[in-house]
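I opened the model today to look up its aromatic rings. My notes follow.

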Amino acid sequence: MCGIVGYIGNNAVEEVLLDGLKNLEYRGYDSAGVALNDNGSIDVFRAEGKLNNLYDVLAGVRARVHHSGQGIGHIRWATHGGATLDNAHPHKSNDGKLALVHNGIIENFETLKAQLQQKGYHFFSQTDTETAVHLIDDEYKQCGSLEAAVIRAVNQLKGAFAFCIMHQNEPDKIIAVRKNAPLIVGLGHDENFIASDIPALVGKAEKIIYLDDNELAIVRQNDVTVKNFNGQVISKRAEPLSLEPEAISKRGYKHFMLKEINEQPDIIRGQLALRLPDVNRPVVLEGINPAVLTAGIRRVEIIACGTSLHAAAVARYVMESLCRIPVSVEAASEYIYQPHLTDAQTLVVGISQSGETADTLTALKQARAAGARILALTNREDSSIVRCADMVLPLKAGIEVSVAATKSYTAQLMSLYLLALSIAEAGKTLPAEEILSLKRELLQIPAKLEEILSNSGEIQQCALKFSSFKNFVFMARGVNLASALEGALKLKEISYINANGYAAGELKHGPIALLDEHMPVVAVLIPGSQTYDKMLSNCEEVYARKARLIAVSPVEDLRQKAMFDTVLLIPHCREIFSPLLVNIPLQLLAYYIADNLGREVDQPRNLAKSVTVE
Ligand code: F6R
């Protein structure tokens with residue numbers, strides 16, 4: 001949610017900033033801008049919409065502007081104020097000497113703005129950010145030092161903010177500030193960088209300093225000093241940046257989403273090799289002892305948002321079945337504002353691909369304050385969620401660039417299955433031979449995922465046939481209810497087609513009124529499940545209303561039934577693990593429909609990958 005970058009060094013500053021912003025585009029694409037120090041004065045270039053528009057703006061001026069090596073940049077996901085040029089960052093002080101980029105929300109901006117207006121400051125945007133610019137400028141005019149002005153100002157700001165700030169009178173530095181919004185400093189040879197996230201620094205910085213909340217870094221070309229908001233120096237460790245540029249490239253695929261869907265078998269294989277190297281030995285969860293994890297625990301609460309919330313719903317079913325422990329699932333944004341029973345006997349599992357989702361972080365902090373033990377599942381071991389947790393289970397999915405979550409969902413599911421198996425083993429809630437058989441079945445999953453991916457032609461055909469429909473229903477029962485919800489979410493977020501997931505048994509209590517020949521219904525049918533026959537009956541009910549049915553199922557014979565327009569085949573597996581398989585055709589269906597419609601698959605409108613505001 002907004003991405004910021006900063007650079008100080010001898011290389012072509014605009015290239016470095018633009019390159020960094022390109023790799024942060026998943027964080028927002030409402031507008032883009034850079035501020036460049038041009039031999040003593042600060043030039044700001046901004047464009048509405050995607051980063052490409054900023055390239056065009058800069059191409060027009062590049063020939064006549066010669067920039068030295070200091071600058072800051074921004075891509076915006078609009079919160080306060082529309083996606084307009086006036087609201088695009090960087091914002092400048094009224095005298096044009098100070099420029100700032102911001103990620104986050106300043107909650108007390110209205111009060112501060114009124115005070116600054118009384119002092120004569122003019123505002124040119126609807127953003128909360130401009131308040132920070134003028135506040136720092138006001139302090140600067142009083143104390144004459146950028147660092148002191150920033151420290152004074154940030155102590156007056158409430159909310160979440162990561163800033164990069166530069167001042168014409170102090171061209172030797174950029175100041176980076178972090179409070180409740182991610183920010184890292186990248187160290188190079190004779191150059192230093194600032195960014196919201198690692199992809200902006202891949203191939204550039206050699207080491208990284210992770211700023212913590214309430215810290216600021218004074219970043220010079222050959223020196224970085226980190227201080228707290230009281231101005232005291234903090235000693236920080238620089239960690240190597242090991243990620244290769246290859247990790248954030250499309251590797252020949254048309255979209256990151258398609259690449260990431262195709263990476264899933266290897267990711268699952270990797271998790272299994274690490275955590276289930278020998279079926280005759282207990283599951284190994286990097287440093288997590290299941291007996292310690294669950295000692296004194298009477299219930300589990302799983303907290304997440306969006307796709308991660310769907311993984312949580314699968315986990316509830318799995319943990320209750322395998323571990324015989326009560327599990328509740330809460331959307332983080334709801335958990336924060338409702339009464340809950342979290343206490344010291346509660347294990348709270350927070351799931352977040354990015355590890356930066358503001359709602360999830362706030363909810364976990366509350367749960368921790370209530371005495372709960374916190375386990376975090378995240379794809380980003382360097383993210384903020386790690387600091388809210390007692391234990392961390394990494395997803396090991398690799399950087400996910402496409403805004404729509406795909407491989408991280410599958411990695412979440414597999415991590416949660418292994419977690420549940422590990423708890424069941426330690427608590428002996430299942431017979432040993434049953435656990436063995438479950439483990440053996442899990443080891444077959446990567447090959448089954450590959451089988452589905454190698455037969456994607458059928459899914460493409462189906463997508464072609466159904467791309468022109470304006471509405472879809474997804475229905476399933478039991479553990480696959482989450483698959484229906486996730487399939488619908490994937491379709492709606494990247495194709496903008498209205499799609500809703502329902503428990504199949506609930507259809508007759510209202511949603512069935514929507515059905516006619518214009519409403520395709522995607523149904524998940526898993527044989528061996530106690531609801532298989534009920535699902536078939538629900539399909540009959542749908543067919544009777546003339547809706548066209550797409551089945552996702554391992555049962556080839558369904559193709560003989562007139563009621564199914566299309567059957568997307570998946571390999572057989574136990575119902576409990578079937579969400580891992582069902583998910584793949586649903587991801588591909590959404591992908592191909594969105595691509596057929598010419599949508600911006602990797603960057604759907606209005607969305608951002610890392611939702612760092614509540
Ligand atoms: C959907 C999607 C979102 C995220 C949600 C939570 O494809 O990506 O719904 O799942 O914003 O994000 P994380 O998992 O990073 O907390």
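How many aromatic pairs does the count come to? I am working from a predicted model, and the count comes to eight aromatic pairs.

Entry: Tyr-7 and Phe-193. I looked up this pair after the count. The ring centres of Tyr-7 and Phe-193 are 5.2 Å apart and their planes stand at 45°, so I put the pair down as tilted. That angle falls between the cut-offs, since under 30 degrees would be stacked and over 60 edge-to-face. I then checked where the two residues sit. Tyr-7 is in strand 1 (residues 3-9) and Phe-193 is in strand 10 (residues 191-195), so the pair links parts of the chain 186 residues apart. Tyr-7 has a relative accessible area of 0% and is buried. Phe-193 has 2% relative accessibility and also counts as buried.

Entry: Phe-161 and Phe-229. Here the planes are at 5° and the centres 6.5 Å apart, so I noted the pair as stacked. Phe-161 belongs to strand 7 (residues 159-167), while Phe-229 is in the loop between strand 13 (223-228) and strand 14 (233-234). The pair therefore ties together parts that are 68 residues apart in sequence. I found both Phe-161 and Phe-229 buried.

Entry: a cluster. I noted that Phe-466, Phe-469, Phe-472 and Phe-474 are linked into a cluster by ring pairs.

Entry: charges over rings. I looked up two cases. Lys-50 lies over the face of Tyr-29, 4.7 Å from the ring centre. Arg-605 has its charged end over the ring of Tyr-496, at 3.9 Å from the centre.

Key:
Residues are numbered from 1 along each chain as its sequence is written. This is a predicted model: local features need pLDDT of at least 70, side-chain atom pairs count only at pLDDT 80 or more; totals for chains, interfaces and linings use all residues. Side-chain values use heavy atoms; hydrogens and water are left out. Rings of Phe, Tyr and Trp (its six-membered ring) pair if their centres lie within 6.5 Å; planes under 30 degrees apart count as stacked, over 60 as edge-to-face and the rest as tilted. Helices (H or I, at least four residues) and strands (E, at least two) are DSSP runs, numbered from the N terminus. Buried means under 20% relative accessible area, exposed over 50%, partly exposed in between (1.4 Å probe, protein chains only). A charge sits over a ring if NZ of Lys or CZ of Arg is within 6 Å of the ring centre and within 35 degrees of the ring normal.
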